[in-house]
Amino acid sequence: MRTFEPDSSIVSDIIPSPNHGERNRGRQVDMIVLHYTGMPDVEGALARLCTAGTEVSAHYVVLEDGRIVQCVPESRRAWHAGVSSWAGEDDINSCSIGIEIINRGHDWGYPEYPLRQIAAVIALCRGIMLRRKVTPQRVLGHSDVAPARKKDPGEKFPWHSLANSGVGHWVTPAPIVRGETLMLGTISDQVLSLQQALARYGYGVPLSGKYDASTMEVVTAFQRHFRPARLDGVADHSTLSTLQALLASLPADGTTVASK
């Protein structure tokens, strides 16, 4: 039996989760965070998201056949992002809609995402973006907002297909070529410039001028989303050029930053 009305007309089922709360300080939604479930089967994933005491939930779950389940009303704060940050904001749950995509993830073989499932994700996101006035550059992956902890939705997720439908920010990745690189242990003004560019885009990264482990994790997360052909955490010409192209293609107001 339904306990709330779905927020989207394309929701096929409601399976209520008890794991949610108030959005802090009346924060309005201006972000979508995409996840994979990272579990062997859909039943286990739904049970975890919808069982009291697990301390996790999401607003929506998109099944492999394209069906969409809503678990938490959009007005409520679901518990999907955990310890995370973006553009200086560290309560991502209060400003975002969380969408879990059924996929076994890296620990269970990491299959490709079916086309029907991706079509459903696009349709769901487009509706949320219209209702909530979410800009494309604030449709992000869990790995973007928690690069030290998370890999999802991962390098196989077709961000370019979403962007072709107006969901998410994307530029064609610069080709991988030989040349100078910035890597773990490097200390230089070039590293500081890289860190500043990543921070301007929204990533939580130290501005130290030292290519430390945290910087490498952020670069890897960036590659996983925007340059998935090679995930090595090394800032090569392709990574740097892709980052600069993304920054240059942001709207004039530059806002990856939250609208308070």
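Start by selecting L34: with 0% relative accessibility, L34 counts as buried (buried means under 20% relative accessible area, exposed over 50%, partly exposed in between, with a 1.4 Å probe and protein chains only). L34 lies in strand β3; strands here are DSSP runs of E with at least two residues, helices are runs of H or I with at least four, and both are numbered from the N terminus.

Before moving on, a word on the model. This is a predicted model, where local features need pLDDT of at least 70 and side-chain atom pairs count only at pLDDT 80 or more, while totals for chains, interfaces and linings use all residues. Residues are numbered from 1 along each chain as its sequence is written, and side-chain values use heavy atoms, with hydrogens and water left out.

Now step from D152 to P153: the peptide bond between them is cis, with omega near 5 degrees. P153 is in the loop between α4 (142-145) and α5 (159-164).

Most residues other than glycine have a negative phi, and most peptide bonds are trans. Look for R25 in the loop between β2 (20-21) and β3 (31-36). Is R25 buried or exposed? At 77% relative accessibility, R25 counts as exposed.

Next, pick A87, where phi is also positive, near 50 degrees, and the residue is again not glycine. A87 sits in the loop between β6 (77-78) and α2 (92-95).

**Helix α6 against α8**

Show residues 189-201 (α6) and 237-248 (α8): these helices pack at an angle of about 40 degrees, with their axes 10 Å apart. Axes are lines fitted to C-alpha atoms, for helices over the stretch in contact, and angles run from 0 to 180 degrees between N-to-C directions. That angle makes α6 oblique to α8 (under 35 degrees is roughly parallel, over 145 roughly antiparallel, 65 to 115 roughly perpendicular, and the rest oblique). The crossing of α6 and α8 is left-handed, meaning that the near helix is turned anticlockwise from the far one by less than a right angle; clockwise would be right-handed.

Which residues of α6 and α8 meet? On the α6 side they are L194, A197, L198, R200 and Y201, and on the α8 side L240, L243, Q244, L246 and L247. Contact here means heavy atoms within 4.5 Å.

**Helix α6 against α7**

Select L194, Q195, L198 and Y201 of α6 with T215, V218, V219, F222 and F226 of α7 to see the contact. The α6–α7 crossing is left-handed.

**The aromatic stop**

Finish with W86, W170, Y201, Y203, F222 and F226, which form one aromatic cluster. Rings of Phe, Tyr and Trp (its six-membered ring) pair if their centres lie within 6.5 Å; planes under 30 degrees apart are stacked, over 60 edge-to-face, and the rest tilted. The count comes to eleven aromatic pairs by this rule. Zoom in on Y203 and F222: their ring centres are 6.2 Å apart and their planes at 70 degrees, so the pair is edge-to-face.
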